[in-house]
Amino acid sequence: MMSSSCKKAFGRGAKQPFPSLGSFISTLSQRREAGGRGFAGGTLTGTLTGTQWLRHGRELPPICSDVRQKQRLSIDTLPPEVKAPFPSDPVIPLRTKTTKDFQEDVERAAQSGDWREVREFYLATFDSFIEINAAFKREANGSFNTVDDSGVNAKFVNAVYDALLGTPQDIQKSVLKGIINSLLREWKGPRTKDDLRAYFILVQNPQYSSTSTYVIYAHLLRQIAALSEADHHFLVHWLKKLSPRRFRQPVERLLQFISTRLFPAEPDELPPLAKCSWWIPSATKVLGLFNAANSVSSAPIMPFTDFYNIALEHIDFMEEYRTWQNYGSSNRFSFCQFPFILSTVVKKAIIQKDSEQQMISQARQSLVSKVSRRQRVDMNLLFLNIKVRRAQLLSDSLDELTRKRCDLKKKLRVTFVGEAGLDMGGLTKEWFLLLVRQIFHTDYGMFTYMKDSRCHWFSSWKCDNYSEFQLVGTLMGLAVYNSIALDIHFPLYCYRKLLTPPTVPCDQNALVGMATATLDDLQQIMPELAHGLGELLSYEGNVEEDFYLMFQVFQEEMGVVKSHNLKPGGDKIPVSKQNRKEYVQLYVDFLLNKSICKQFAAFYHGFHSVCASDALMLLRPEEVEMLVCGIPELDMSALQKAAQYEGYGKTETTVRCFWDVVLAFPLELQKKLLHFATGSDRVPVGGMADLNFKISKIDVPTDWLPISHTCFNQICLPPYRTRKELKQKLTIAISNAEGFGLE
């Protein structure tokens, strides 16, 4: 007997397109009792028990690397020959219908209105996993037991699914009935490759876009999620061979399924959540297979940001985070186990709230310590107070951060000596901006600016003290910790090194930041050199005689050229066609890892001295870059839409002139305006709307310049009457904005 919720989903009525599944399942039960084909006992309700649904279901292994691991690993890939033996596939009946035959059948049916032949095809094809293989396997009884070839006739599958939604409703119902027939079968032992092929084909079915099919879809996802790790390995490699459009469609259906299950449009649209709590975990795990396929593909099939589920921004993600922290990758599901689905906005919010908790904890400890010793409580002990002189900004900042290392996790507050400004956020932004500008200046020598790639990289010069590199790392950590975007231009590989590993090892002597380096990584930093090494790898002539290279590299340090062996005795080992791959790998590793090992280790420890949080394990390198640098693209139209007004209406002359001028500004002046109003020329991760930008009226003569309150992202405009006057005054103000005072 079906549950009431399922009756609602599949009962008769004008709005319900699949009316007779209850009677169909009863028929299946009668056939089973009569000795026909075997079906699993039990009934199809909002949820089936584990023993009824999967007699041999196994606990789902990690679909991608466990983010709680201390080392960030790549997607786990098993060897092509899986050790566990697979049962032999049953004999599959031969089917001769081709893609062309099917398309002609559909065309004839559409013209004549006689769908009998097409109906029979769909009814037979989706009746069982064997029939699915008979229809879509390129060779009915071929083995196709490799990850490289699923053996599926993709063109035929696409044609059948493309035509399906255009067929009469009874044909669409027959396909769903056949899928239920397939999913309710009793299974003995592990899945065969033909079963995997059937799952691979069924998950592409376009019918699952409708909520009325969600009960069936959920059970399909549950079976796929419960497959073994070896089976998942095959599915991942088969999925990555789908075309971008065919790959994106099931991903979007899975995301929509999760969103709808979390926030159904109608309360009674789906079975009660308590009865189908496994729906979301199953769908998320299957989505993880697609994410893994996207990751192992030579070039991503779709941007990683397209796996974000924006609906998750409206759940209690801190509860998800705490569950993950407390239970890890155990049976207790949390979206944090699958961080690819969480947007950067959610991850930023988790890091912010985690930081706030650490700040509160640090301040409380300081307060309790003072009280317990009966000492006078100074409210300054609740903050990381940085006091610097503009003329000695770098040395003062280094001294302050070194001296107050124990206070790094307190709320940051900056004071410029000799200036009366109170730090409500604006002084802190100014301090970061000026410090970064000075540190990365080419005259300072800590970082080298790569003109071809327009990024900075670590100087390889050796010294006795790397504390200034630690300062830069600490600055980046403080910026993330205090939600401030920095104008820093590191290559993406730098952020991958920063997450290697994502948490500081317990062993103080352990190497950090030694991420695997490839020619593609070098391309991000030194494209000309990477091109030259690529030419070496593809050279057809005599490498040894024509290039005359040894296993060594030459670098200039403080005006002196020094040689470094890439391996023991490298100065005596010539590079040949046989060993050139090894030479290139060692060369790249030396440049990006070994030559800057101490510099980067200091930088790494500086960053993690502030950002020591489990939340970092949720991040990709690209997401760390966004948290550190914000969004580099300025969308002033978005700022205009999100702007708030005080004393002005959005249609008043001064406001209209302001936006006319700003939208026509070149990029450089737009960045100066943003810096003038907010203290930073970077856009936070949430976009312009997160700035809470405000335009206020100030009742002063129009010969005054605009003023700003960077603590509140506010610009104050006198009532200028003309566009020309406003443009002149605004340009002067934003081009000469440095220093703070009190009104």
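Author: A salt bridge is a side-chain nitrogen of Lys or Arg within 4 Å of a carboxyl oxygen of Asp or Glu. Keep that in mind. The model here is predicted.

Reader: What makes the contact of D162 and R246 a salt bridge?

Author: Their side chains meet at 2.8 Å, N to O. The cut-off is 4 Å, so the pair qualifies. In general, side chains of opposite charge can pair when their charged atoms come close.

Reader: Where in the chain are D162 and R246?

Author: D162 is in helix α7, and R246 is in helix α12 (residues 244-262). They are 84 residues apart, and the pair links distant parts of the chain.

Reader: Why is R246 called buried?

Author: Its relative accessible area is 11%.

Reader: What makes N158 count as buried?

Author: Its relative accessibility is 18%. The limit is under 20%, so N158 counts as buried.

Reader: How do you know that R108 and D105 form a salt bridge?

Author: Their closest N and O atoms are 2.4 Å apart. That is within 4 Å, so the term applies.

Reader: Why are R108 and D105 separated by about one helical turn?

Author: Both are in helix α4 (residues 99-112), and they are three residues apart. That spacing is why the separation comes to about one turn.

Reader: How are R108 and D105 classed, buried or exposed, or in between?

Author: R108 has 46% relative accessibility, so it counts as partly exposed. D105 has 8%, so it is buried.

Reader: Which residues are linked in a network with R108?

Author: The network of salt bridges links K97, D105, R108 and E117. How many salt bridges are in the whole structure? A search finds 27.

Reader: What makes D149 and R138 another such pair?

Author: The closest N and O atoms of D149 and R138 are 2.4 Å apart. The limit is 4 Å, so this is a salt bridge. D149 and R138 are both in the loop between α6 and α7, eleven residues apart.

Reader: Why are D149 and R138 classed as they are?

Author: D149 has a relative accessible area of 25%, so it is partly exposed. R138 has 43%, so it counts as partly exposed.

Reader: What makes helix α6 (residues 129-136) largely enclosed?

Author: Seven of its eight residues are buried, so the rest of the structure largely encloses it. The buried ones are F129, E131, I132, N133, A134, A135 and F136. Their cover includes α5 (116-125), α7 (154-164), α8 (169-183) and α9 (193-202).

Reader: Turn to the sheet. What is the order of its four strands?

Author: The order is β7-β8-β10-β9. The sheet is open, and its pairing is mixed.

Reader: Why are β7 and β9 called edge strands?

Author: β7 (644-646) and β9 (707-709) each pair on one side only. Neighbouring strands of the sheet are turned by 25° against each other on average, direction ignored.

Reader: How do you know that β8 and β10 pair?

Author: β8 (residues 694-697) and β10 (residues 714-717) share four bridges, in the parallel sense. Pairing needs at least two bridges, so β8 and β10 pass. I695 stands opposite I715 in β10.

Reader: What makes β9 and β10 a pair?

Author: Three bridges join β9 to β10, which run antiparallel. At least two are needed, so this also counts as pairing. Here I707 stands opposite C716 in β10. The hairpin of β9 and β10 has four residues between the strands, and N713 takes a positive phi near 50°.

Reader: Which way do the residues of β10 point?

Author: Q714 and C716 point one way, while I715 and L717 point the other way. All are buried.

Reader: Which strands does helix α27 (residues 653-664) lie across?

Author: Helix α27 lies across β7, β8 and β10, and runs at about 120° to β10. Helix α28 (residues 667-678) packs on the sheet too, touching β9 and β10. The direction of α28 makes about 60° with that of β9.

Conventions: Residues are numbered from 1 along each chain as its sequence is written. This is a predicted model: local features need pLDDT of at least 70, side-chain atom pairs count only at pLDDT 80 or more; totals for chains, interfaces and linings use all residues. Side-chain values use heavy atoms; hydrogens and water are left out. Axes are lines fitted to C-alpha atoms, for helices over the stretch in contact, and angles run from 0 to 180 degrees between N-to-C directions. Contact means heavy atoms within 4.5 Å. Buried means under 20% relative accessible area, exposed over 50%, partly exposed in between (1.4 Å probe, protein chains only).
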